[in-house]
Amino acid sequence: MPSPCDPQHAPAGDVGAALMMIDSRLKAVYDGKTETDPDQQAMIDQYIASLGPTGADDVLDGACTLIYMFMQWLRAVYENHDKDVIEYVVPNLVATMRMMPKSVRPEAIPTMVGLLVAAGTGLSPSLWRRQYGDWAAEELTPLEATTLLLAEHINRLTDDPNFATRMVTEALSSADEG
């Protein structure tokens with residue numbers, strides 16, 4: 001029986017904008033800048049505000065699409081080694097999020113785990129989350145952190161600091177060509 005959370009029913013959202021934000025954060029982390037740059041944050045805030053409410057929702061859907069893409073890639077990699085993506089990715093991300101209490105409040109972690117499990121089992125994180133109502137403001141930074149941590153996990157596995165971004169960019173390019 002088809003699920004109402006099947007990815008074919010999910011909006012892709014603004015994957016490009018979500019990827020730009022994640023890539024920018026990754027580059028800052030790789031440059032050793034763990035504190036948010038006020039100028040960069042102001043630029044991101046201004047950009048999000050310029051999108052309006054529907055544009056901001058599109059960026060949220062785009063972040064969920066990134067989570068889905070990253071988890072599907074990780075799922076394929078772990079299954080090639082007879083390992084379960086949920087078992088090998090989720091506990092590590094939870095442990096990392098718990099070390100980020102300023103960015104990820106403890107009460108947001110179960111929602112982020114739900115997004116990861118939904119994506120890791122082939123469901124749309126966006127549609128899975130939507131069944132519980134609108135996004136809360138307190139969930140936005142944890143969503144960004146979750147997406148960032150997944151991208152960083154992929155980059156670490158591939159020993160390539162640009163792999164996750166390049167993978168999505170190539171997928172978007174091939175979709176545009178098709």
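Tutor: Happy to! For what follows, contact means heavy atoms within 4.5 Å. Please keep in mind that this is a predicted model.

Student: Now to R25: is it buried or exposed?

Tutor: R25 is found in helix α1. Apart from neighbours within four places in sequence, R25 is in contact with T36, Q40, Q41, I44, E144 and L148. Its relative accessible area is 13%, and the limit for that class is under 20%, so R25 is buried.

Student: And D37, how far is its C-alpha atom from that of R25?

Tutor: D37 is found in the loop between α1 and α2. With 36% relative accessibility, D37 counts as partly exposed. Along the chain, D37 and R25 are 12 residues apart, and their C-alpha atoms are separated by 9.7 Å.

Student: Good. Which element gives the largest share of the lining of the largest pocket?

Tutor: The largest pocket has a volume of about 1100 Å³. Its lining counts 34 residues, and R25, T36, T141, E144 and A145 lie nearest its centre. Two or more lining residues come from each of α1 (15-30), α2 and α6 (137-158). The largest share, 10 residues, is given by α2.

Student: By class, how many charged residues does that lining of the largest pocket have?

Tutor: Sorting the lining of the largest pocket by class gives 18 nonpolar and 7 polar residues. The charged class holds 9.

Student: What about the second largest pocket: how many charged residues are in its lining?

Tutor: This pocket holds about 180 Å³ of space. Its lining consists of D57, L60, D61, S126, R129, R130, G133, D134 and W135, with α2 and α5 (125-130) each supplying at least two residues. By class, 2 are nonpolar and 2 polar, while the number of charged residues is 5.

Student: Back to helix packing. At roughly what angle do the axes of α2 and α3 cross?

Tutor: Two packed helices are described by the angle between their axes and the distance between the axes. For helix α2 (residues 38-80) and helix α3 (residues 85-98), the axes come within 9 Å. The two helices are oblique to each other, with a crossing angle of roughly 125 degrees.

Student: Which residues in α3 do M71, L74, R75 and Y78 in α2 meet?

Tutor: On the α3 side, the partners of M71, L74, R75 and Y78 are V85, I86, Y88 and V89. By class, the residues of this contact are 7 nonpolar, no polar and 1 charged. The names you asked for are V85, I86, Y88 and V89.

Terms used: Residues are numbered from 1 along each chain as its sequence is written. This is a predicted model: local features need pLDDT of at least 70, side-chain atom pairs count only at pLDDT 80 or more; totals for chains, interfaces and linings use all residues. Side-chain values use heavy atoms; hydrogens and water are left out. Axes are lines fitted to C-alpha atoms, for helices over the stretch in contact, and angles run from 0 to 180 degrees between N-to-C directions. Helices (H or I, at least four residues) and strands (E, at least two) are DSSP runs, numbered from the N terminus. Angles under 35 degrees count as roughly parallel, over 145 as roughly antiparallel, 65 to 115 as roughly perpendicular and the rest as oblique. Ala, Val, Leu, Ile, Met, Phe, Trp, Tyr, Cys and Pro count as nonpolar, Asp, Glu, Lys and Arg as charged, and the others, Gly among them, as polar. On a 1 Å grid over the protein atoms alone, a cavity is a set of points where a 1.4 Å probe fits but cannot get out, and a pocket is an open set with protein on both sides within 12 Å along at least five of seven lines; lining residues have an atom within 4 Å of a point. Grid points are joined across faces, edges and corners, and a volume is the space filled by probe spheres set on the points. Buried means under 20% relative accessible area, exposed over 50%, partly exposed in between (1.4 Å probe, protein chains only).
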